[in-house]
Amino acid sequence: MAAPYRGFDFWLGRWAVTGANGKPAGQSEVTSDLDGCAVMEFFGGGQGRSLSAYDRASVSWSQDYVDHQGLTLRLRGRVLDGTMRMEDSIRTLAGGMRLRSRFAWSMDSASMEVRQIWWLSTDGGSTEPVNFDGRYRKHPDYRPPAPPPAAVCRDRPGYRALDGMLGTWRVLFNETEVGRATLAATTGGCLIEESYIGDPSARDPRYRLTAFLYYDRYIDTWYRVQTDTHGRFHRLGGSVTDGALRVAGVITGLEEKPVNGTLVWRVESPDTLSQVWSVAVPPDHAERAPQFTLRWVRVPTP
């Protein structure tokens, strides 16, 4: 992929992470995936997962992070003077707390260490104390730690609304198989990771897609973020109602242009899902026109 997609490559590697006091704060493996279109972090043996990608529609970077306690972050930003800077939108909690985060990642060319600073505000940004100031140092003897136990998210019904989608699926368009997808619960059950191989247009047999599906309990919202080997990125948000995930946001349409889109993903039966993608209809964009419909058929477990 072109230069804009290389903006986070300095973070790639296997790292030992320390806090500002020099004490160990975990291990992290950061890899490039999807032919260089995605940067994936595997922190602490699965205690945290992040998907970072360049969004050419907004000319910016995004990162979605989920940890095994149910913490989620949706960041957006740019590389400025060699530093990746991202921040999220304000989330207002039921008690009135207004959460806002800012992050900065930078490479120290002398030590070849990456510094990560996280400012966390609870008052909407009026004050921004440092929540974490860490160093990523290359770890030649890296071994993935044991995965975290399924605890917090497994015991909360809100996170279980999409468990019927877990598994491996044949994906059909007009009853012709166009790919296969696997949805697996990771990060202590707080995250569903989707991996798709195939091409809905049947033009690229090497096509792959990675998506995160996760629930933000602080604002009672489900999110699906995805990127693919064509460098297309989108993040959709919504809810699960009547057995269907309904999420909306800006997507890259079939004409490679950003449009307002909607995904309705329904569990039709234990072995069948339907996935309907729609786009806004000009001039007022009040209506949605179906773009295409996919049928998912479960692959039996051996």
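How many residues lie between β13 and β14 in their hairpin, and which residue in the turn has a positive phi? There are 4 residues between the two strands, and T187 in the turn has a phi of about 55°. Strands here are DSSP runs of E with at least two residues, numbered from the N terminus.

This is a predicted model: local features need pLDDT of at least 70, side-chain atom pairs count only at pLDDT 80 or more, and totals for chains, interfaces and linings use all residues. Residues are numbered from 1 along each chain as its sequence is written, and side-chain values use heavy atoms, with hydrogens and water left out.

Stop 1: Select β13 (residues 176–186) and β14 (residues 191–198). They run antiparallel and are joined by 8 bridges; strands count as paired if DSSP finds at least two bridges between them. T186 has L191 as its bridge partner in β14. V171 has G179 as its bridge partner in β13. Between β12 and β13 there are 2 residues, and N174 takes a positive phi near 50°.

**Stop 2: W265 and the core.** Select W265 next. Contact means heavy atoms within 4.5 Å. Leaving out residues up to four places away in sequence, W265 touches residues including L183, E194, R224, L245 and W296. In the largest nonpolar core, which has 43 residues, L183, L245, W265 and W296 touch the most other members. Such a core is a set of buried Ala, Val, Leu, Ile, Met, Phe, Trp, Tyr and Cys residues joined through side-chain atoms within 4.5 Å. Buried means under 20% relative accessible area, exposed over 50%, and partly exposed in between (1.4 Å probe, protein chains only).

**Stop 3: R224 and E194.** These two form a salt bridge with the closest N and O atoms 3.0 Å apart. A salt bridge is a side-chain nitrogen of Lys or Arg within 4 Å of a carboxyl oxygen of Asp or Glu. R224 is in β16 (residues 221–228) and E194 in β14, 30 residues apart. Both are buried.

Stop 4: Move to S60 in β5 (residues 60–67). S60 counts as buried because its relative accessibility is 3%. Its side chain makes a polar contact of 2.9 Å with that of R76. (A polar contact is a pair of N or O atoms within 3.5 Å; within protein, one must be able to donate a hydrogen and the other to accept it, and residues adjacent in sequence count only if both atoms are side-chain atoms.) R76 also forms a salt bridge with D55, the closest N and O atoms being 3.4 Å apart.
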